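Work through the exercises below with the coordinates open, trying each task before reading its solution.

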Amino acid sequence: MLSSRFNRLTLAAATLAVLALPAQTFAQTPDHAGDSAAQFPTAKDLRQMTTAGSYLAARHASVERDATSAAAFYRSALRTDPKNNELLDRAFISSLADGDIDEAVKLAERILIIDKSNRVARLVVGVRDLKAKKYAAAQTNINQSVRGPITDLVATLLGAWASYGAGDTKQAIANIDKLAGPEWYPIFKDLHAGLIFDLAGKQKDAGARYERAFKLDDSALRVVDAYGRWTSRNKDDAAALAVYETFNKKLARHPLVLEGIRETKAGKKLPALVDNPQAGAAEALYGIGASLTRRGGEDLALVYLQLALYLKPDHSLALLSLADLYESVKKPAMAIKVYERMPANSALKRNAMIQQATNLDAADRSDEGIKILKDVTASDPKDLEAIMALGNIERARKKFADCADTYTKGIDVVAANQDKPNWVYHYFRGICLERSKQWAKAEVDMKKALELQPEQPHVLNYLGYSWIDQGINLDDAMKMIKRAVEQRPDDGYIVDSLGWAYYRIGNYEDATKHLERAIDLKPEDPTINDHLGDAYWRVGRKLEARFQWQHAKDLKPEAEELPKIEAKMQKCVPLDSGDKPEGCALNETTPAAASADKPEVKKDSDKGG
């Protein structure tokens, strides 16, 4: 994002004021059998549908955030009812959200015949004009798209780039400078004024604007990169390095900053951040769209990012932001498609590949994701981010021997670089070792993780439960689990571990109390329901026990757990006494203590717990 000065409330209000989008629409594709767009409409499908049928299908696709299908269905309905303005507007918005800007432009032009004041249509047509170098027409249309703080800024910056494209640098800067607004305006204004001056060859003026933006926020990536590039050409290598190092000290190892440092050290004079008006306009749309993405303005952000990529299809950061947006709305298949578009020569290609692999795993295409990550780590065996991502996928997919080896590589890289040891690697390797039945080694890793990060709740939980499960160090183990619960009282998996620990030491009343609390926190988890069923059986609540086991079965437990649950349901018959009947296979094995293997906990743990 460009600036911490972007105010969330202002953005949210502006988003609602500018775009009254139909149900949120996000692109989806039918290109892979595993994608969720299995019902993607074919041409034959569309020809056979009535107007009402196409409309209802489009609304459903919109609710499912499938903009590709929504746009196709709305356009189909529009062909049979071409004078329906609502269909026209919805087809336009869906096409825009899908990134089909050429189709959106056609629909926008039809809208403007009916409603000359439609601001979104004006913006889209204006961007089309800017791309076509029709700068006067671009200015006219963009100026009519204004309404509210966000669109005021967007229109001003795009209009300034159109003025520059028309050869009027003075007017471009004047338009930017006269814009008044919220306190987060100046950094955008100074950055784009600097970029325009830079392209116009007015290096002194460009440097002054870049420096002013840098002083406003020296952690704004695009400001730092633009200023560092200008400095490398107009001052010296040391000055340019100082700019990049300022950012690197605050947010270490960003690929674009590392690239700037590397090339500056090599004595290269770095080119300006943008090289034409279209790229400048794309930069403006990207900068504001990326900021909106992280502040609850996904619909408007989607529009700006798609327009940025229309102007500059290889804009690496816009691609990353768009993919991140799809991830945030749980559309991994669409995120994958965006990551695949990352240029091979981009400094961000490696990041895109890692994220692509993570999304392939989320889309149940784990083998493809693992292959990508193995390729990345083969090309750079010291890439800790790729190593961690690979280990996490292997661990989640129960490839425990593989993930133990992968985390070992991470530990070795950290040691070789003389970096501070990271508890997460030891914790995750410990899980993989324990699950592959190498407890002695796993215990060493868990203790090491606690040494590096004392009182870490997930480690306390896992090690404490493992001891209780083996019947050793019982006092210490129970204390550890209780300390984990004190830190994470609303973590259903950790509360489950405490309840199950009480169960394993025979305190069934306390077990029941804590397992009921765990169910309140995680009602849809099959393991916790199974545990509560066992506890109910032990305290004589037989009917409730059978209900919990049935519920656990209905929640689709892991394959190896299902037969155990079914066995209990078949063999455990209601008896008058609370004694365990002959052959009643109560689940006495480990499990929810291994909470790190659950997706929700895994995500927390990946961030350091």
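Axes are lines fitted to C-alpha atoms, for helices over the stretch in contact, and angles run from 0 to 180 degrees between N-to-C directions. The model used here is a predicted one.

**Exercise 1.** Determine how helix H7 and helix H16 are oriented towards each other, and which residues make the contact.

*Solution.* Begin with the geometry: H7 (residues 119-131) and H16 (residues 277-293) pack at an angle of about 150°, and their axes are 9 Å apart. Because angles over 145 degrees count as roughly antiparallel, H7 and H16 are roughly antiparallel to each other. Next, list the contact, to which H7 gives Val127, Leu130 and Lys131, while H16 gives Pro277, Gln278, Ala281 and Leu285.

**Exercise 2.** Describe the second largest pocket by its volume and its lining.

*Solution.* The volume of this pocket is about 650 Å³. The pocket is lined by 23 residues, of which Arg222, Arg229, Leu273, Lys312 and Ser316 are the closest to its centre. Two or more lining residues come from each of helix H13 (221-234), helix H15 (255-265), H16 and helix H18 (316-328).

**Exercise 3.** Find the disulfide and work out its handedness.

*Solution.* The structure holds one disulfide, formed by Cys403 and Cys432 with their sulfur atoms 1.9 Å apart. The torsion about the S-S bond is about -125°, and therefore the disulfide is left-handed. Since Cys403 belongs to helix H23 (residues 400-416) and Cys432 to helix H24 (residues 423-435), the pair ties together parts that are 29 residues apart in sequence.

Definitions and conventions: Residues are numbered from 1 along each chain as its sequence is written. This is a predicted model: local features need pLDDT of at least 70, side-chain atom pairs count only at pLDDT 80 or more; totals for chains, interfaces and linings use all residues. Side-chain values use heavy atoms; hydrogens and water are left out. Helices (H or I, at least four residues) and strands (E, at least two) are DSSP runs, numbered from the N terminus. Angles under 35 degrees count as roughly parallel, over 145 as roughly antiparallel, 65 to 115 as roughly perpendicular and the rest as oblique. Contact means heavy atoms within 4.5 Å. On a 1 Å grid over the protein atoms alone, a cavity is a set of points where a 1.4 Å probe fits but cannot get out, and a pocket is an open set with protein on both sides within 12 Å along at least five of seven lines; lining residues have an atom within 4 Å of a point. Grid points are joined across faces, edges and corners, and a volume is the space filled by probe spheres set on the points. Ala, Val, Leu, Ile, Met, Phe, Trp, Tyr, Cys and Pro count as nonpolar, Asp, Glu, Lys and Arg as charged, and the others, Gly among them, as polar. A disulfide is a pair of cysteine sulfur atoms within 2.5 Å.
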